[in-house]
Amino acid sequence: MRELFVSCPTCGIKKPIMIPKEVFTKKECGSIKIHVPSGIVCSDHQFVVFIDQSGLVRGYEKIDLIMATPPQKENKKY
Ligand SMILES: [Zn+2]
């Protein structure tokens, strides 16, 4: 596991996240994109972090819309 400090692109809160080393070894080229759900770094926002092969944060992407899980329909008894 590799520790990486990321900050929320919306409010700037900073926290370390743990990234499994396999992520870096599996990825041979291009940047690594990690989806950080709310509650991991920031309790209110979720975002995507772009990391390069050496583990440096290259950028962030805010998530504009989170699709809500549709409420489960109750099974009606006839
Ligand atoms: Zn935030």
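**Fold and nonpolar core of the predicted model**

From the N terminus on, the elements of the chain run in the order β-β-α-β-β-β, which amounts to one helix and five strands. The model is a predicted one, and its C-alpha atoms fill a box of roughly 60 × 30 × 20 Å along the principal axes. The radius of gyration of the chain is 17 Å, whereas a compact globule of 78 residues would have a value near 12 Å. Buried residues account for 10% of the 78 residues in the chain, and of the contacts between residues at least 6 apart in sequence, 31% join residues at least 24 apart.

Nonpolar side chains in soluble globular proteins tend to be buried together. In the present model, the largest nonpolar core comprises eight residues, namely Val6, Cys8, Val36, Val41, Cys42, Phe47, Val49 and Ile51. Strand E4 gives the most to this core, with three residues. One of the core residues, Val49, is in contact with Val6, Ile34, Val36, Val57 and Tyr60 when its neighbours within four places in sequence are left aside.

Strand E4, spanning residues 47-51, pairs with E5 in the antiparallel sense over five bridges, and within this pairing Ile51 has Val57 of E5 as its bridge partner. The two strands form a hairpin with five residues between them, and Gly55 in the turn adopts a positive phi of about 90°.

Key: Residues numbered from 1 in each chain as written. Predicted model: local features only at pLDDT ≥ 70, side-chain atom pairs only at ≥ 80, totals over all residues. Pairing = 2+ DSSP bridges. Helix = DSSP H or I, 4+ residues; strand = E, 2+ residues; numbered from the N terminus. Core = buried A, V, L, I, M, F, W, Y, C linked by C-beta atoms within 7 Å. Buried ≥ 20, exposed ≤ 12 C-beta atoms within 10 Å, placed from the backbone. Contact = placed C-beta atoms within 7 Å. Rg over C-alpha atoms; globule rule 2.2 N^0.38 Å.
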